[in-house]
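Please look at the sequence and the structure shown below. The report after it is written for a reader who is new to protein structure.

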Amino acid sequence: MAQIGYHASHEQFKPSELLKYVQMAEQAGFTNALSSDHFHPWSEAQGQSGFAWSWLGAAMQATPRLSYRVVCAPGQRYHPAIIAQAAATLAEMFPNRFWLTVGSGQALNEHITGEKWPTKSDRNARLKECVDIIRALWAGETVTHRGLVCVEDAKLYTRPEILPLIIGAAVTPETAEWLGSWADGLITTSRPPEKLKKVVDAFRRGGGEGKPMILKVQLSYDSNAEKALQGAHHQWRNNIFKTKMLTETDNTRSI
């Protein structure tokens with residue numbers, strides 16, 4: 001059965017504003033919320049970039065009927081052991097209300113560490129390593145791992161009774177099929193039905209049959225169509241660019 005959620009866009013609004021908006025979403029009957037997790041906004045016009053993990057604890061306390069998902073990219077800006085700890089803490093405090101969604105990331109946010117931005121294949125391999133590490137820590141294992149990311153003698157002492165699902169992000173059929181083999185579900189973005197079907201079919205073909213799927217749909221609304229169109233252009237005009245460009249660019253001025 002389909003559920004409709006609210007997207008908490010940290011790129012567009014201050015965390016204090018977003019807190020009010022998710023409370024309004026709950027009052028309006030929404031049951032889910034998806035939080036972005038970026039270091040930079042997508043444009044200077046958006047102009048905000050709150051820290052999602054600080055905000056999530058406050059938001060989940062303020063909206064007891066909403067379940068939350070957050071899209072993050074462990075491996076460069078975030079060490080996977082820290083994401084495992086952060087997600088476990090939220091899941092312990094708010095049982096069965098939190099899913100972790102993961103992707104290979106965008107240079108716009110991850111390049112701030114000063115490390116080389118890997119190729120897509122290396123980013124995918126790093127992401128899978130991170131997910132394996134997170135799951136091992138959630139299982140109570142003591143983890144030492146040396147690969148594209150390194151972990152030394154890490155053990156997570158506060159773990160939830162109900163583990164969060166780990167949802168994989170994909171915009172291409174190739175990535176979706178790969179995710180089907182290990183992710184607990186899929187998150188993707190809206191596009192023409194024929195293109196979206198290829199992503200969904202690939203995910204199912206790769207092993208995702210029966211797993212939950214999340215579709216992120218961006219809508220612009222205002223008092224009339226012209227204002228709504230102007231608002232969409234002002235805030236999200238970079239959506240016209242291909243995914244490869246959006247993952248490789250490292251500053252908002254270039255888009």
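## The model and its nonpolar cores

The structure is a predicted model. Its largest nonpolar core has 48 residues. Those with the most contacts inside this core are Trp53, Tyr68, Phe98, Leu100 and Trp138. Helix 5, residues 120-138, supplies the largest share of the core, eight residues.

Leaving aside neighbours within four places in sequence, Trp53 is in contact with Asp37, Val70, Cys72, Tyr78, Ile83, Ala86, Ala87, Leu90, Phe98 and Leu100.

## Helix 5

At 1.5 Å a residue, its 19 residues should span 27 Å, and the end C-alpha atoms are 27 Å apart, so the two values agree.

After helix 5 comes Gly140, which has a positive phi, near 90°.

## Salt bridges

Side chains of opposite charge can pair when their charged atoms come close. The count in this model comes to seven salt bridges. One of them joins Arg135 and Asp184, with the closest N and O atoms 3.2 Å apart. This pair links distant parts of the chain: Arg135 belongs to helix 5, whereas Asp184 lies in the loop between helix 6 (173-180) and strand 8 (185-189), and the two are 49 residues apart. Arg135 is partly exposed, because its relative accessible area of 27% falls between the limits of 20% and 50%. Asp184, at 24% relative accessibility, also counts as partly exposed.

Another salt bridge is formed by the side chains of Arg146 and Glu152, at 2.5 Å from N to O. Arg146 is exposed, with a relative accessible area of 60%, and Glu152 is exposed at 54%.

Within helix 7 (residues 193-208), Asp201 and Lys197 lie four residues apart, about one turn of the helix. Their side chains meet in a salt bridge of 2.7 Å, N to O. An α-helix has 3.6 residues a turn, so residues three or four places apart point the same way. Asp201 is partly exposed, with a relative accessible area of 28%, while Lys197 is exposed at 52%. Elsewhere, salt bridges that share partners join Asp37, Arg77 and Glu110 into one network.

## Surface patch and positive phi values

Which residues make a nonpolar surface patch of about 300 Å²? The patch is made by Leu215, Val217 and Leu219. Val217 is located in the loop between strand 9 (213-216) and helix 8 (225-236). With a relative accessible area of 44%, Val217 is partly exposed.

Two residues other than glycine have a positive phi. For Asn96 the value is near 60°, and for Asp153 it is about 50°. Asn96 is found in the loop between helix 3 (80-93) and strand 4 (98-102), whereas Asp153 is part of strand 6 (residues 150-154). Asn96 is exposed, with a relative accessible area of 56%. Asp153 is exposed as well, at 55%.

Key. Residues are numbered from 1 along each chain as its sequence is written. This is a predicted model: local features need pLDDT of at least 70, side-chain atom pairs count only at pLDDT 80 or more; totals for chains, interfaces and linings use all residues. Side-chain values use heavy atoms; hydrogens and water are left out. A nonpolar core is a set of buried Ala, Val, Leu, Ile, Met, Phe, Trp, Tyr and Cys residues joined through side-chain atoms within 4.5 Å. Buried means under 20% relative accessible area, exposed over 50%, partly exposed in between (1.4 Å probe, protein chains only). Contact means heavy atoms within 4.5 Å. Patches are made of residues with over 30% relative accessible area and no salt bridge: like charges are joined within 9 Å, nonpolar side chains (Val, Leu, Ile, Met, Phe, Trp, Tyr) within 5 Å. Accessible areas come from the Shrake-Rupley method with a 1.4 Å probe; for residues, only the protein chains shown count as cover. A salt bridge is a side-chain nitrogen of Lys or Arg within 4 Å of a carboxyl oxygen of Asp or Glu. The expected span of a helix is 1.5 Å times one less than its number of residues.
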